[in-house]
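Try each task before reading its solution.

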Amino acid sequence: MNNLDVLIWVAFPYAAAASFFIGHIIRYRYDQYGWTSRSSQTYENKWLRWGSPLFHYGMLAVIAGHIIGLLIPREWLDFIGIDDHIYHLGATWLGTAAAAITVIGMILLLIRRGAVKRVFKVTTTMDVVMYVFLFATIAFGTLAVVQFQVLGAGYDYRGSVSPWIRSLILMQPNVALMAGVPLAFQLHVITATALFAIWPFTRLIHVLSVPIWYLFRPYVVYRSRDKHLGARKPRPGWERSVRPGQNEWAEYPHKEKV
Ligand code: HEM
């Protein structure tokens, strides 16, 4: 364990956590109108209709797995009958399935963003930075699972990564736990930490709104613009105001001149 370890496994995560929490507070206080996912659904919907649900449902499963594997101590799961063997089977196969769904969704979303001109045009520099860290985090996480759990003999991260993250939360950082962790896991944790640091300054800010009901809400119906403002003729007193030089009668052909 050296100074670099302290920097990577203690200073960096606390700095990222500070950026995450303070960033959310600042944006909440000064930029509530920017608190949005900046949906691009109106520009393109065919790729989005597949990519978005795959990515988001996959991520929900990944997040559930992270809570169980990282935050709940092994002894507690043992107590309710989930021993090491059952945990390992579940984490490996459910984790791999969740990773596959997330990765397929993410690839569809990335292709869409690059290939659909109108979506590409509304992509900001911060979107690109966010995608780099999101992609790297998900890629290294998936690599770690495939390399060690699916193809290898299995790595017991519940003896290193999990107690390390709990030691940070409890404000008693234990650097030594991360020093000998395999590289794929280390890179996954470092890129995830960087992602948390930039999180509130990207479109990921929408995640904290946790619109659970959103998953079950009916579709929003987009309609093309009609000559009428609504499905009915506008009523007297509710007509759109006419701009100077505009031909009022061309816009409202149903309206009779008096
Ligand atoms: C510092 C925070 C994080 C830590 C300590 C962490 C740790 C881990 C560990 C130990 C695994 C292996 C799980 C297994 O073998 O079953 C894993 C897998 C994975 N992680 Fe993370 N992770 C973190 C944040 C994230 C974030 C922010 C994302 C996505 C944005 C993410 C995405 C994934 C994915 C896709 C996998 C593979 C599928 C799975 O096992 O769920 N992780 N992570």
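**Exercise 1.** Find which residues are closest to the ligand, and how many surround it.

*Solution.* Begin with the count: 27 residues surround the ligand, a residue being near if its C-beta atom, placed from the backbone, lies within 6 Å. The closest are Ala91, Gly95, Ala99, Gly141 and Ala192. Before going on, note that this is a predicted model, where local features need pLDDT of at least 70 and side-chain atom pairs count only at pLDDT 80 or more, while totals for chains, interfaces and linings use all residues. Residues are numbered from 1 along each chain as its sequence is written.

**Exercise 2.** Work out which helix supplies the largest share of the shell around the ligand.

*Solution.* First list the helices (DSSP runs of H or I, at least four residues, numbered from the N terminus). H2 (46-71), H4 (84-115), H6 (125-150), H7 (161-169) and H9 (183-198) each give the shell at least two residues. Then pick out H6, which has the largest share with 8 residues.

**Exercise 3.** Decide whether Asp156 is buried or exposed.

*Solution.* Locate Asp156 in the loop between H6 and H7. Next, count its neighbours: Asp156 is exposed because it has 12 C-beta neighbours inside 10 Å; the cut-offs are 12 or fewer for exposed, 20 or more for buried, and partly exposed in between, with C-beta atoms placed from the backbone. Finally, look across to Val181: 25 residues separate it from Asp156 along the chain, and their C-alpha atoms are 9.6 Å apart.
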